[in-house]
Amino acid sequence: MCKEHQQLEQLIANNQQWSKTCVEKDSEFFHRLAAQQHPDYLWIGCSDSRVPANDIVGLAPGELFVHRNIANAVQATDFNCLSVLQYAVEVLKVKHIIVCGHYGCGGVQAAMGTEELGLADNWLRQIKDIYVKHKADLDNLRFRDQQINRLCELNVIEQVGNLAKTKVVQHAWQRGQELSIHGWVYSICDGLVNDLQVTTDNLSQVDSAYHLSPTDGATRPEIATAVSCEIPKK
Ligand code: CO
């Protein structure tokens, strides 16, 4: 048997042991899970293999709905993330959304550099924009590691804001649904989460330019398409 195959065999063996242990601890565990999931939390985290969502916060299967991508980004054009968000908020009715970045994030570091990586450059463009927006403040930090870690925090804060700008979140608040968005950064060095204290739970915390008023077809405002071709006289 080749080495790679043996590695996968080990994973299957691990899985069988895990399943057995779960049933030994709680004979109804899988029956209950199979029937329904009732998570109170949506986790939006980095894909980094050192940041295992459930383990960090001590939650069992069924207790955390998870979306992960490079550098825990929430982009308005990402149907994957938006679909997860909509399902979590409108169907599962989670009460909390946690954006959890991590210090030393490779995606954040890459966004600070100019090296071409390929497809990921497009994904990281938004993180680069955050870097440029805060570059003057970041440059004041003496060490590169400090700059990277601060940008990890600023990125999380920006993503919390991005979530609050979505229709899904704003409609939930308009319906009176209890929903708060939290920004955390996890440290791989000590396993501890740093709460950035940017919890957002209502529309008044969002710049009014981003407020979306619900409309149906009948009340949808007409979008002006007429263009004035007159050149203003000096
Ligand atoms: Co990362």
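**Notebook: a predicted model**

I looked up burial and found that buried residues make up 24% of the 234 residues in the protein. A residue counts as buried if 20 or more other C-beta atoms, placed from the backbone, lie within 10 Å of its own.

I noted that this is a predicted model, where local features need pLDDT of at least 70, side-chain atom pairs count only at pLDDT 80 or more, and totals for chains, interfaces and linings use all residues. Residues are numbered from 1 along each chain as its sequence is written.

I listed nine helices and five strands. Helices (H or I, at least four residues) and strands (E, at least two) are DSSP runs, numbered from the N terminus. Along the sequence I read the pattern α-α-β-α-β-α-β-α-α-α-α-α-β-β.

I then traced the sheet. It is open, has five strands in the order S2-S1-S3-S4-S5, and its pairing is mixed. Two strands pair if DSSP finds at least two bridges between them. Strand S2 (64-69) and strand S5 (193-195) are the edge strands, each pairing on one side only. From one strand to the next, the twist averages 25°.

Strand S1 (residues 41-46) and strand S3 (residues 96-102) pair in the parallel sense over five bridges. Ile44 has Val99 in S3 as its bridge partner.

I looked for a helix on these strands. Helix H8 (residues 144-164) lies across S3 and strand S4 (180-186), and runs at about 165° to S4. Angles run from 0 to 180 degrees between N-to-C directions, with axes fitted to C-alpha atoms, for helices over the stretch in contact (C-beta atoms, placed from the backbone, within 7 Å).

Notes:
A residue is buried if 20 or more other C-beta atoms lie within 10 Å of its own, exposed if 12 or fewer, and partly exposed in between; C-beta atoms are placed from the backbone. Two residues are in contact if their C-beta atoms, placed from the backbone, lie within 7 Å.
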